[in-house]
Every structure is written in structure tokens, then in C-alpha cells.
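Subject: Structure handover

Hello,

Here is the structure I promised to pass on. Please open it beside this message. My notes follow below.

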Amino acid sequence: MPPKTTKPAAPRLPPLQKLRVRRPNQAQANPCVGIMTSMLGCWASSGYSAQGCMALEQSLRACMDQAKPEKQKKNTINYHLMRLYPKIRGARKIDK
């Protein structure tokens with residue numbers, strides 16, 4: 001007698017209170033941090049008013065004077081997950 005074949009059960013979402021994405025808005029690193037680190041290291045090794053650090057100072061000032069990029073729009077994925085999760089999960093009885 002051949003073995004019975006059964007269909008695998010459809011995947012279901014686990015019972016969660018809320019569905020969220022952690023930290024959807026990642027901040028970008030400041031491009032001037034590397035130059036500032038180099039300048040502080042130069043000052044620490046050769047003194048504050050050292051002439052050898054002038055090129056680093058000028059490059060840091062130029063970097064800091066550049067226009068800042070516009071702020072990114074806030075990611076709305078958690079709002080949409082909160083709004084749509086009850087429709088995906090289906091009607092459930094609220095436990096108290």
C-alpha cells in the first residue's frame with residue numbers, strides 16, 4: 001500500500017501582541033568624524049598650536065561648513081504594520 005500524501009499546512013503568523021520593525025530610521029554617520037579624530041590626534045601628539053595640524057584644521061572647517069543634507073522622511077512601516085496586522089491576523093477575541 002503506498003504512503004498517504006498530505007498537503008503541508010499553510011504557514012500562519014505567530015500570536016503577537018504587535019508587529020514592529022526595530023529602528024527603521026538609521027542615522028547616517030557624520031563624514032567629518034574621521035577628520036576630527038585625525039586633528040585631535042595631531043593636537044595630542046604635537047600640541048594645540050602646532051603648525052603641522054593646520055591642514056587638518058582647514059579640512060575640518062571646510063567639511064563642517066558644507067551644507068547639511070536634508071533630513072530623511074520618517075519611515076512609516078511601523079504605522080502600516082500596526083494598521084494592517086489585525087486584518088492579516090483576522091478577527092480575534094480580546095483576552096482580558
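Which residues does Glu 57 touch, not counting residues up to four places away in sequence? The answer is Met 39 and Trp 43. Before the rest, please keep in mind that this is a predicted model.

**Overall picture**

The protein has three helices and zero strands. Along the sequence the pattern reads α-α-α. There are 96 residues, and 10% of them count as buried. The protein exposes about 9500 Å². Carbon and sulfur atoms supply 58% of that area. Now take the contacts between residues at least 6 apart in sequence: 72% of these join residues at least 24 apart.

**Glu 57 and its salt bridge**

Glu 57 lies in helix α2. Its relative accessibility is 12%, so Glu 57 counts as buried, the cut-off being under 20%. Glu 57 also forms a salt bridge, and the partner is Arg 61. The closest N and O atoms of the pair are 3.7 Å apart. The cut-off for a salt bridge is 4 Å, and by this rule the count comes to one salt bridge. Side chains of opposite charge can pair when their charged atoms come close.

How far apart are Glu 57 and Arg 61 along helix α2? They are four residues apart, so about one helical turn separates them. An α-helix has 3.6 residues a turn, so residues three or four places apart point the same way.

**Helix α2**

Helix α2 covers residues 54–65. At 1.5 Å a residue, its 12 residues should span 16 Å. Its end C-alpha atoms are 16 Å apart, so the span agrees with expectation.

Which residues of α2 are buried? They are Glu 57, Leu 60 and Cys 63. These cover an arc of only 130° around the axis, so they sit on the same side of α2. The face turned away from that buried side carries exposed residues: Ala 55, Arg 61 and Asp 65. What covers the buried residues of α2 includes α1.

**Helix α1**

Helix α1 has 14 residues. From its first C-alpha to its last, α1 reaches 20 Å. That is close to the 20 Å expected at 1.5 Å a residue. Gly 47 follows α1, and its phi is positive, near 100°.

Met 36 is in helix α1, which runs over residues 33–46. Its relative accessibility is 36%, so Met 36 counts as partly exposed. Thr 37 is found in helix α1 too. At 51% relative accessibility, Thr 37 counts as exposed, because the cut-off is over 50%. Thr 37 and Leu 56 are 19 residues apart along the chain. Their C-alpha atoms are separated by 9.9 Å.

Met 36 also belongs to a nonpolar surface patch. Leu 40 and Met 64 make up the patch with Met 36. Its area is about 280 Å².

**The segment before α1**

Is Cys 32 buried or exposed? Its relative accessibility is 4%, so Cys 32 counts as buried. Cys 32 is found in the segment before α1. Leaving aside neighbours within four places in sequence, Cys 32 is in contact with Leu 60, Cys 63 and Met 64. Leu 60 and Cys 63 are among the buried residues of α2. Met 64 is one of the residues of the nonpolar patch. In sequence, Cys 32 and Met 64 are 32 residues apart. In space, they are 6.9 Å apart, C-alpha to C-alpha.

Arg 12 is found in the segment before α1 as well. At 67% relative accessibility, Arg 12 counts as exposed. Arg 12 and Ile 88 are 76 residues apart along the chain. The C-alpha atoms of Arg 12 and Ile 88 are separated by 9.9 Å.

**To find these on screen**

Start with Glu 57, which touches Met 39 and Trp 43. Then go to Arg 61, its salt-bridge partner. Finish at Cys 32, in contact with Leu 60, Cys 63 and Met 64.

Best wishes

How values were computed. Residues are numbered from 1 along each chain as its sequence is written. This is a predicted model: local features need pLDDT of at least 70, side-chain atom pairs count only at pLDDT 80 or more; totals for chains, interfaces and linings use all residues. Side-chain values use heavy atoms; hydrogens and water are left out. Patches are made of residues with over 30% relative accessible area and no salt bridge: like charges are joined within 9 Å, nonpolar side chains (Val, Leu, Ile, Met, Phe, Trp, Tyr) within 5 Å. Accessible areas come from the Shrake-Rupley method with a 1.4 Å probe; for residues, only the protein chains shown count as cover. A salt bridge is a side-chain nitrogen of Lys or Arg within 4 Å of a carboxyl oxygen of Asp or Glu. Helices (H or I, at least four residues) and strands (E, at least two) are DSSP runs, numbered from the N terminus. Buried means under 20% relative accessible area, exposed over 50%, partly exposed in between (1.4 Å probe, protein chains only). The expected span of a helix is 1.5 Å times one less than its number of residues. The arc is that of the directions from the helix axis to the C-beta atoms. Contact means heavy atoms within 4.5 Å.
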